[in-house]
Amino acid sequence: MREIRLNVNGRAHELRVSANMTLLTALRDLGYTDVKNGCEIGECGACAVLLNRRVVNSCMVLAAQADGATVVTNAGLGTMKDPHPIQEAFADAGAVQCGFCTPGMVISTKALLDRNPDPTEEEIRDALSGNLCRCTGYGQIVSAVQLAAERLKRSISSPASPRCGDGHEPAPAEPLRVSGEVPRGGEGE
Amino acid sequence: MIKRVDPKPLPETKLPELKQVGKPLRRVDALGKAVGATVYAADYSMPNMLHAKVLRSTRPSARIAKLDVAQARALPGVACILTGEDVRGAKLNTDLPGQTGREARSGSDAPVLALDVVRYVGEPIALVAAETVEIAEEAVRRIQIDYEDLPAVFDPATALEPGAPVLFEPDNEVSRYKIRKGDVEAGMAEADIVVEGTYKMPFVEHAYLEPDAGVAWVDEQGVINIRVCTQVVEHFRSIARALDVPQNKIRIRGTMVGGGFGSKEDITVEIFLAFLARETGRPVKLVYTREEAFSATSKRHPFTIKHTTGVKKNGRITALQVEMLADSGAYPYLTPYVLLYATGMAAGPYRIDNVQIDSVAAPTNQTFTSAFRGFGGPQAALGYEQQMDEIAKALDLDPFEVRRVNYLKTDDTTCTGQTVTSAVWSEECATRALHALGEPAPSTPTRKIGRGMASYFQSYGRITWFHDTSRAWVGVEQDGTVQLRCGVPDIGAGQSNSICQIAAEILGVPLERVTIYATDSAVTPLAGTSTATRQLYMSGNAVTKAATAVRDRLVARAAQHLGVEEATIDLGDSRVGVKGNPSQSIALKDLAHLCAAEGIELSELAQFNAPFNEGLDPETGQGDIWPDFTFGTAAVDVAVDTETGQIEILKCAACHDVGRAINPAAVHGQIAGGTHQGLGYAVMEDFILDEGQIKTPSFAEYLIPTAVDFPSTEVIILESGTGVGPFGAKGIGEPALTPAAPAVANAVADAIGLRINELPLTPKRILDALAGVSEEEGE
């Protein structure tokens with residue numbers, strides 16, 4: 001067991017984690033259940049979060065590796081009362097069906113638009129290629145990202161109140177890809 | 001290649017202009033899901049909760065020689081272990097009685113936990129409930145099990161041969177159907193040519209994103225509550241039977257479902273949770289891993305379909321003979337009904353006077369097969385639509401022309417002799433889908449371009465001798481808002497939104513003023529399964545009935561209040577008054593107050609019954625079988641790289657007559673998403689088993705389409721207004737998938753000039769076909 005600190009959606013946490021606990025398990029155990037567990041092997045993207053502003057599959061990061069990190073989950077971007085423009089665009093564009101992939105999709109979109117506010121369709125598809133969706137066929141998701149990009153560009157002149165994930169440090173040029181064999185939290189294999 | 005055709009104008013329709021229905025409104029469930037506020041089954045916890053794990057078979061066919069749980073039970077933190085002995089006799093009643101009250105076939109049910117023998121890899125053997133997930137996993141590892149392998153069978157054709165290992169006495173015939181219409185011998189004699197073709201399809205995984213999950217607990221009334229992601233809350237009855245408790249002592253609280261596609265039509269975690277919660281008296285949670293969701297739940301049925309078609313030179317079909325063989329896997333589950341659907345749709349959307357269809361399903365020691373979007377319809381379409389192109393090729397006719405001269409029309413009969421009463425816009429859909437593809441790209445020596453199409457017909461609503469019903473409760477609150485209570489599971493397709501939009505239309509309020517409570521078997525009126533493309537049809541009609549009853553009372557009281565005739569009254573914008581005269585109206589909330597003060601009921605519970613009838617003639621397969629049908633076409637352009645065997649989907653268009661699009665954005669989503677699944681079925685999806693062992697156990701091996709694999713489908717929605725659903729709607733959830741895969745198969749055959757008769761169309765199969773290597777040699 002090891003003690004770590006995490007800042008999640010603006011809240012500070014201190015927690016004890018086992019050596020093989022993933023960030024996904026740690027976040028869900030803390031109550032951030034908007035981070036979805038779809039495969040635990042980094043294939044589906046449902047558990048994507050921003051880890052120090054880079055998009056990662058939280059199932060592929062050990063909780064201990066994230067010690068001291070700032071994590072933003074989809075629920076940290078916006079709420080029912082005050083949705084993030086990306087979330088609003090997903091709802092408006094018909095990009096949400098079963099909704100299970102949506103939190104990861106929104107996070108990948110956030111990372112994309114942070115580094116490229118005006119992406120082409122090809123760039124959008126590429127940025128979302130690690131997020132599986134079984135319902136939509138992706139077309140309406142691409143439209144949602146385009147709608148979000150448009151709305152965000154229009155809103156630059158009148159910024160809303162600060163949100164999680166809207167820090168001032170420059171966004172990384174490329175998303176962090178954590179690879180390799182990571183022991184799966186809660187699997188014990 | 002198919003010649004370009006210009007669509008003719010559509011037949012005239014009379015669709016009323018509506019205020020809420022027909023608008024691409026933001027779905028009522030969309031924002032909650034987008035911000036991550038929606039709580040899914042695996043997100044729930046209870047105080048003092050235990051965690052469950054399942055021990056599963058690693059053998060495809062074996063006797064359990066020894067099962068020793070002593071060491072596992074001794075592990076600190078283990079609260080309970082259950083084996084087949086402990087639940088002896090308990091069966092998974094996945095069959096109809098839980099849903100409709102009619103009788104089950106005998107021998108159709110799988111044991112809750114294997115007893116004595118296992119029949120597939122992944123079959124549940126023991127349950128563990130422990131203080132943590134890790135302890136439960138460790139306990140599963142400590143269960144000692146010895147197997148004695150038994151003879152196994154991995155191919156349904158072998159299973160039907162004499163001497164094959166028998167999975168269930170008396171023989172390996174899970175189900176068999178026949179259809180006899182007209183005189184096939186005479187029809188074949190009349191033909192100018194006879195075309196034969198055999199088409200094969202693989203196991204396919206649903207690959208919903210949300211692994212199966214649930215939490216169960218026993219409440220203060222002794223009721224076992226089960227919160228679970230399911231397509232069928234009515235399984236509470238089957239679970240009660242398995243536990244031998246009264247049906248009112250099981251309560252299913254459905255959640256928003258993270259995708260189902262038919263897989264969550266079967267009982268999954270809920271039966272295990274019910275046993276464990278009863279045994280321990282504590283809340284228990286069970287969440288499948290992805291690997292478990294793959295190995296322990298159903299697959300789409302592999303089929304082998306042989307068509308023999310007699311055709312005149314002009315393409316007109318004179319006779320059709322079909323043989324179908326389906327693999328039920330280790331347990332029947334819904335196989336008899338999937339096979340029946342496939343059989344009833346085997347002749348396609350074509351008018352054929354002489355038809356003979358024989359179908360049979362047989363078990364194998366492989367993952368069981370059950371419902372998957374389309375329920376046998378997609379497999380049938382892969383048969384009849386590839387065959388239509390082979391007919392066109394044999395006669396040197398245009399593939400569209402061969403279809404056009406054979407399309408069913410309204411008042412024609414299907415192969416079961418059922419008269420089609422709604423509009424049949426097959427030609428309208430086909431010409432629009434083909435037109436949308438535009439000019440094809442030119443082929444090069446190593447990049448062959450092909451164009452393919454597929455038309456289909458598919459039922460919506462359940463088989464009519466299931467005597468299907470749905471209920472809904474609609475109420476107007478005193479502030480003029482509307483509440484809906486309806487046991488409709490929302491599996492992502494917008495089931496709950498559609499009925500909200502219907503209630504909003506009828507009661508004249510904006511969609512935001514409607515709130516729905518859904519999917520609780522104890523407190524929301526039972527609405528039946530979210531399967532068979534039935535919820536819009538069934539629950540849509542139930543909500544229409546309930547909302548209309550409330551509306552009638554509002555109209556009567558408003559007319560009295562305003563001193564006008566009832567016929568002049570309209571509802572809209574949360575007001576009730578004389579149509580086109582806002583000064584003569586009353587706010588809905590004021591009218592609601594008036595009604596409440598006078599004791600006028602502002603709520604209604606309504607039940608909608610589908611047509612009831614008594615089944616097909618067993619000797620001829622003739623009779624009415626479904627409430628109605630949806631028709632449409634998909635068209636695809638592909639490029640095939642003859643050096644690598646890679647297929648690129650260049651363009652895809654899908655045109656369906658949905659009757660009336662209650663929410664066009666949601667309909668678009670169904671068609672785009674369904675088409676995408678069909679494209680994956682055609683070129684990449686293959687749940688591979690080798691001697692019963694799963695070779696594609698996770699998303700790393702089992703590939704589904706990503707955002708970069710295929711272009712967006714051009715979706716064309718037609719509205720004939722002639723369906724039996726609310727406002728003339730037809731169903732589209734399942735039909736959306738059906739024509740996509742055969743359209744791709746036909747496009748590839750068009751590109752390379754060869755038919756590969758087995759899905760998926762992998763690069764290896766393409767290269768083997770181009771090299772003239774047969775399937776057996778190529779393996």
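Mentor: Let's start with a term: angles under 35 degrees count as roughly parallel, over 145 as roughly antiparallel, 65 to 115 as roughly perpendicular, and the rest as oblique. What you see is a predicted model, where local features need pLDDT of at least 70 and side-chain atom pairs count only at pLDDT 80 or more, while totals for chains, interfaces and linings use all residues. Residues are numbered from 1 along each chain as its sequence is written, and chains are lettered from A and ligands numbered from 1 in the order in which they are written.

Trainee: What makes α11(B) and α18(B) roughly parallel or antiparallel?

Mentor: Helix α11 (residues 377-395) and helix α18 (residues 740-752) of chain B have axes that cross at roughly 30° and come within 8 Å. (Helices are DSSP runs of H or I with at least four residues, strands are E runs with at least two; angles run from 0 to 180 degrees between N-to-C directions.) That angle is under 35 degrees, so the two helices are roughly parallel. Their crossing is right-handed, the near helix being turned clockwise from the far one by less than a right angle.

Trainee: Which residues make the contact?

Mentor: Among them are B:L382 and B:E385 of α11(B), with B:P742 and B:A745 of α18(B). Contact means C-beta atoms, placed from the backbone, within 7 Å. The contact residues divide into 7 nonpolar, 2 polar and 2 charged; Asp, Glu, Lys and Arg count as charged, and Gly is among the polar ones.

Trainee: And why is α14(B) called what it is relative to α15(B)?

Mentor: The axes of helix α14 (residues 495-507) and helix α15 (residues 535-562) of chain B cross at roughly 25° and come within 9 Å. That makes α14(B) roughly parallel to α15(B). This crossing is right-handed. B:I499 and B:I502 are among the α14(B) residues that meet α15(B), where B:V543 and B:A547 are included.

Trainee: Which domains does chain A have, and how many residues touch?

Mentor: Domain 1 covers 2-73 and domain 2 covers 77-155, bounds that come from an automatic or database assignment. In chain A, 14 residues of domain 1 are in contact with 12 of domain 2. On the domain 1 side, strand β3 (residues 48-51) of chain A gives the largest share, 3 residues.

Technical notes
Two residues are in contact if their C-beta atoms, placed from the backbone, lie within 7 Å.
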